[in-house]
Amino acid sequence: MPPVLSDGISDLSVSNYIIGAPNDPHWKLYPKDQYLTARNVFPIGYAFTNYSADANHYIYYMPENRGPTGDYSRLLRDHFEDIHGYRQREIREKQQREIQERAEKAQQLNALLNEQKQLLKKFKDELQKLKSNRDRSIRSEKRMGTPREIAELDYDRRNPMYLNTVGSISTIESNISSLKNELKTYTY
């Protein structure tokens, strides 16, 4: 229920209605989805409120050019401008917080991504040494008449470090891919 215009002692009335009362003919309907934008479309003298008329509409006050209805509209408009300003400030602060959180998350993901890339490089360097040792051992076994497949299986069973390193590299590459995809959602 909207407030009525008062001089501090009694409510002000014009003709057969109190200014601002529900039966005041200056109240009009506008769609609820236009709550923050309607004031930018209509004349500046109108006071847009969030007083609900029904499930789909709020009411606004359309005053006469002069007189007490104009004063009432100005007071009401000033009140709701403060509310709009507060809401807009709140929305801006929320957007700034979200931007800050996104930047922090992107920074964390970048740090994790760099860590995973360094780890991948370390494992690939290690893999070269392990592969060289593995190939040397398999060649030696082949010279003694062992088939290549059997020599590979024997070496891998006796020295699991090679297969573990290959598995670690695969896991790290998958992690890097996932981190890059997740990073895309935090950077535009």
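This is a predicted model: local features need pLDDT of at least 70, side-chain atom pairs count only at pLDDT 80 or more; totals for chains, interfaces and linings use all residues.
One of its partners is Y46, whose ring forms a stacked aromatic pair with that of Y60, at 5.5 Å centre to centre and 20° between the planes. Because Y46 lies in the loop between strand 3 and strand 4 while Y60 belongs to strand 5, this pair ties together parts that are 14 residues apart in sequence. Y46 is buried, as Y60 is.

The count of aromatic pairs comes to 13. Among them is the pair of Y30 and Y60, which is edge-to-face, with 6.0 Å centre to centre and 65° between the planes. Y30 sits in strand 3 and Y60 in strand 5, so here the parts tied together are 30 residues apart in sequence. Y30 is buried, with a relative accessible area of 1%. Ring pairs link Y30, Y46 and Y60 into a cluster that also includes Y35, F42, F48 and Y58.

Y30 leads on to the largest nonpolar core, which has 17 residues and in which W27, Y30, F48, Y61, Y72 and L76 have the most contacts. Strand 3, strand 4, strand 5 and helix 1 each supply at least two residues of this core, and the largest share, four residues, comes from strand 5.

A second, separate core of twelve residues includes L127, I169, I176 and L179. Within helix 3 (residues 161–186) lies I169, which is buried, with a relative accessible area of 8%. Leaving aside neighbours within four places in sequence, I169 is in contact with L120, F123, K124 and L127. The C-alpha atoms of I169 and K124 are separated by 7.2 Å, although these residues are 45 residues apart along the chain.

Methods: Residues are numbered from 1 along each chain as its sequence is written. Side-chain values use heavy atoms; hydrogens and water are left out. Buried means under 20% relative accessible area, exposed over 50%, partly exposed in between (1.4 Å probe, protein chains only). Contact means heavy atoms within 4.5 Å. A nonpolar core is a set of buried Ala, Val, Leu, Ile, Met, Phe, Trp, Tyr and Cys residues joined through side-chain atoms within 4.5 Å. Rings of Phe, Tyr and Trp (its six-membered ring) pair if their centres lie within 6.5 Å; planes under 30 degrees apart count as stacked, over 60 as edge-to-face and the rest as tilted.
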